[in-house]
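Please look through the sequence and the structure shown here before reading on. The briefing that follows goes through a few parts of the chain in turn, grouped by topic.

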Amino acid sequence: MPAFLPAVDVPPQPWTGRFDGDGAEHLRWWQAVEAYDAGGAADPETKPAALLGFCSDEGVRRNKGRTGAAAAPAALRAALGPLAFHLDRAITDAGDVVVAGTGLEAGQERAGRAVSAMLDAGRLTVVLGGGHETAYASYSGVAGSAAVQAGRRLGVLNLDAHFDLRDEPVPSSGTPFLQMARAEAAAGRDFRYAVVGISEPNNTRALFHTAQKLGVRYLLDEDCGEERVRGFVAGFLADIDVLYLTIDLDVLPAAVAPGVSAPAAYGVPLPVISAVCRQVARSGKLLHLDVAELNPAFDIDGRTAKVAARLINTLLR
């Protein structure tokens, strides 16, 4: 029996999907994913990936958004399961951290401990959110990992219509990157944060001012042509050693990603976001990634979940 991570609330459950046969030529995700073994050793050559669900929408509730993202990890697994498996790395599932009631901060701390443990065990970690409060849970794990503690320059790249730099009395899905900025300052490190897809009408002047004060790099959604974005991401990657990539699905047009708390009126085209994922995967700097803000209650034909699954699959190639 695999050893489960103590920070996890729900151990990994069986995956399901279409069955075409047992041979390697028929393999799908649901057949390839195994339970994460906290006592197992990772192959440094292939760097296996480890998935962790973060079942939370308390941050969305606090941010006055449409709740329902707590059901997203299950929907993401269901969308990943039937995909044909073409990856050269092993994939494991560590189960879920569940935010009970209003206990967001405790849930973020548990998820962070789980991410740190998996990173230090040589995994490429993937958190399936959850509202975008997922980002601070992810950051806690990344910042506590041996890679960052050893002094490697961490960069946070956010694909998002929003800065999420709100200054509020309590943490929410709108505050995680300001929380990160303050934590990085307290640790004596530079805050390296870039955002692709900012919607000017959906971010106040105060948020733009905060971004400027913190030295945040960003591209507006209307400026996100593929060449412009490629150069922007390349410039950011050149200034860091390791990357935490977070994808808020509301960066995509509402027609592509209807199942989110705040559907985008404009958004960044899916081919551009997919190209960023390929660029990041090829960089060799990706340490951790997460996907946030899927709300299955507002999805149409599982459209948003399927897009998210496709992006995760691309990032792990």
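This is a predicted model: local features need pLDDT of at least 70, side-chain atom pairs count only at pLDDT 80 or more; totals for chains, interfaces and linings use all residues.

A polar contact is a pair of N or O atoms within 3.5 Å, and within protein one of the two must be able to donate a hydrogen while the other must be able to accept it.

- Arg89 is found in the loop that lies between α3 (72-80) and β3 (91-98).
- Buried means under 20% relative accessible area, and Arg89 counts as buried because its relative accessibility is 16%.
- The side chain of Arg89 reaches the backbone oxygen of Lys47 at 2.7 Å, and the side chain of Arg89 also reaches the backbone oxygen of Thr46, at 3.4 Å.
- When neighbours within four places in sequence are left aside, the residues in contact with Arg89 are Thr46, Lys47, Pro48, Ala49, Leu124, Leu316 and Arg317.
- Phe236 is 147 residues apart from Arg89 along the chain, and the C-alpha atoms of these two residues are separated by 26 Å.

**Strand β6 and its partners**

- Strand β6 (residues 193-198) is largely enclosed by the rest of the structure, because six of its six residues are buried.
- On one pairing, β6 and strand β5 (residues 154-159) are joined in the parallel sense over four bridges, with Leu157 standing opposite Ala194 in β6.
- On another pairing, β6 and strand β7 (residues 217-220) run parallel and are joined by four bridges, with Val196 standing opposite Leu219 in β7.

**Helix α10**

- Helix α10 (residues 270-283) has 14 residues, and the distance from its first C-alpha to its last is 20 Å, which is close to the 20 Å expected at 1.5 Å a residue.
- Several residues of α10 are buried, namely Val272, Ile273, Ser274, Ala275, Val276, Cys277, Gln279 and Val280.
- The cover over these buried residues of α10 includes β5, α9 (226-238), β8 (242-248), β9 (286-292) and α11 (303-315), and β5 is also the strand that pairs with β6 in the parallel sense.
- After α10 comes Gly284, whose phi is positive, near 75 degrees.

Methods:
Residues are numbered from 1 along each chain as its sequence is written. Side-chain values use heavy atoms; hydrogens and water are left out. Buried means under 20% relative accessible area, exposed over 50%, partly exposed in between (1.4 Å probe, protein chains only). Helices (H or I, at least four residues) and strands (E, at least two) are DSSP runs, numbered from the N terminus. Two strands pair if DSSP finds at least two bridges between them. Contact means heavy atoms within 4.5 Å. The expected span of a helix is 1.5 Å times one less than its number of residues.
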